[in-house]
Amino acid sequence: MNDYGPMLSDDKFFNECLNYNIPNMEKVKRFAAVKNFPEARGAFAEHIRTSLNPEVFFSIPYEEPENIYKYSDESDYDACKRVRQHIMISVGMPFDFGEDGSVDWHFNPTENDFREWTWQLNRHNELKMLAHEYRRTGEAWLAETAAELFASWVKQALCPESCSEYQTQSFRTIECGIRMGANWPYALFSFYQSEAFTDDILVDWYKSVWEQGNRLSKNSTHGNWLLMEMNGLAHIGILYPEFAQSGQWLTQALSNMEQELDRQFYPDGFQYELSTNYHEVALNNYIRLINCATTFDVPIPENMLKRIADACELEIKLMMPDGRLPDINDGERLCVRTLLSEKSHLFPHNQAIQSVLGKRSFDLPYQSVALPYSGILVMRNGWGEKDTWALFDAGPFGRGHQHEDKLSVLLYSDGKFLVTEAGNYAYDSSPMRKYAVSSAAHNTVLVDGCGQNRRKHYKWNEEDIKVPSNLNSETGVDWDCGEGNYTEGYGNDCQINVTHERKVFFRKTSMRGVRNHI
């Protein structure tokens, strides 16, 4: 076993991991059989250079790398020049590793040991940015930078056979899924014919992909992580037919992704974390899989397409007059039209999606909307920028990224928030994080200065996804009305046994009236 990565030896890779039944692998097989691995490596790299089909791959709509950080006045091209100098930015914080050295992929420069800095650095968003600029400009230094970054990473990042997600800095399964299902495929198809991507780079790339596929297959988790993991595993199954395990991995990934539709999405379409941000994270991983599969003629279950169309339309139902999503739970005020424009090609017959994007003149079949399982009532008197919009949350606690905000109200009118909340904060243990998720940061009551504490005794059960909330609602031409209650205790130990009931009225012609009972 190597002391540096990839951990996979030439002997195991060429004699146990490859599928020699696909075309043009005869030379590789012949050299591998006599353990002439230098020749086998060259033959395998030659096979890759002649078998990949970039024209097909790049018909997939381009998606900006997630969580890519740049300086405020920095173009992608300028950011690539910075990366070439080994000045990396993760979670918004830059660090200069020195132009003459290499990036330390396990380093953490944060004063509070904020581990997301290192983990997110290892997602390799920069590789995709370098690849996109290389495709735009053809400048060799971009490929050279990508090859140098990959070579330094693959030597430092040793794939563990099995370990806790939080015991590894470079091989959490979420990072493996993001690399395999978003950033690495685009980089490979961009750089594989460049001089910088030598035979050794290509072989080590494929070895590392196999290692990450093996880890994803054997160490998958749950929740939105599982969607990222299985999207990554599916991409390996589709794009890397050279692996003997590719078919098995693709079957595993598709099966898990289909099952998770019933586990993670309420019947009304909202992902079970009830966060606008993580709803989009979940959606993106299905969309990436669907895009890749349909492009490479891999069939996708019809049920998956229908459920994902419903989940896309949910973003319209939540949409505020400014065209953005509300940042409920660990949410984000994302632009709905931008989100849907990247997905609309998959749903040409969905009237709501096409109407919001201005591609069709259909009238939306709804205005105010109640989500009976998610427990959210969205009230509006129109779809214009100056119209009034309100949200009442009487929903369950959800699966993750929760805030203690049941019965909270948001109100937006005439282009601005009239009633808002504190929003989101970094996932750390700081006082600000604790405040942001507390009842005090939302428009719901405190009792004797204490907030809700559903988190104390909360446990998610799989059957909860099929249980309606206690939201009672009515929507009409002139009025909307919603009511719900909170009965799960206030205070550190839920020792304050008080019921909060709230009823909200929304008048369509002019807004007003929020009535509370405790």
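Tutor: Start with the second largest pocket: 14 residues line it, and Lys 12, Cys 159, Glu 161, Trp 210 and Asn 214 lie nearest its centre. This is a predicted model, where local features need pLDDT of at least 70 and side-chain atom pairs count only at pLDDT 80 or more, while totals for chains, interfaces and linings use all residues. Residues are numbered from 1 along each chain as its sequence is written, and side-chain values use heavy atoms, without hydrogens and water.

Student: What makes something a pocket and not a cavity?

Tutor: A cavity is a set of points where a 1.4 Å probe fits but cannot get out. A pocket is an open set with protein on both sides within 12 Å along at least five of seven lines. Lining residues have an atom within 4 Å of a point.

Student: How large is the second largest pocket, and which element gives the largest share of its lining?

Tutor: Its volume is about 380 Å³. A volume is the space filled by probe spheres set on the points, which are joined across faces, edges and corners. Helix α10 gives the largest share of the lining, 5 residues. Helices are DSSP runs of H or I with at least four residues, strands are runs of E with at least two, and both are numbered from the N terminus.

Student: How many cavities are there?

Tutor: There are 4 of 30 Å³ or more. Helices α7 (125-137) and α9 (173-191) each give two or more residues to it. α9 gives the most, 3 residues.

Student: How is that lining divided by residue kind?

Tutor: It has 3 nonpolar, 3 polar and 6 charged residues. Ala, Val, Leu, Ile, Met, Phe, Trp, Tyr, Cys and Pro count as nonpolar, Asp, Glu, Lys and Arg as charged, and the others, Gly among them, as polar.

Student: What is the handedness of the crossing of α7 and α9?

Tutor: Left-handed. That term means the near helix is turned anticlockwise from the far one by less than a right angle; clockwise would be right-handed. The axes come within 8 Å and cross at roughly 35 degrees. Axes are lines fitted to C-alpha atoms, for helices over the stretch in contact, and angles run from 0 to 180 degrees between N-to-C directions. Contact means heavy atoms within 4.5 Å.

Student: At what angle do α9 and α10 pack?

Tutor: About 145 degrees, with axes 10 Å apart. This crossing is left-handed. Trp 184 in α9 is one of the residues that meet α10.

Student: How do you know that β8 and β9 pair?

Tutor: Two strands pair if DSSP finds at least two bridges between them. β8 (472-475) and β9 (479-486) have 4, in the antiparallel sense. So they pair. They form a hairpin with 3 residues between them. Ser 473 has Gly 482 in β9 as its bridge partner.

Student: Why are β3 and β7 said to stand at the edges?

Tutor: The open sheet has 5 strands in the order β3-β4-β5-β6-β7, paired antiparallel. β3 (369-371) and β7 (416-419) each have a single partner strand, so one side of each is left without a neighbour in the sheet. 3 bridges join β3 to β4. Leu 371 stands opposite Ile 376 in β4.

Key: 1 Å grid on protein atoms, 1.4 Å probe; cavity = no way out; pocket = protein on both sides within 12 Å on 5 of 7 lines; lining within 4 Å.
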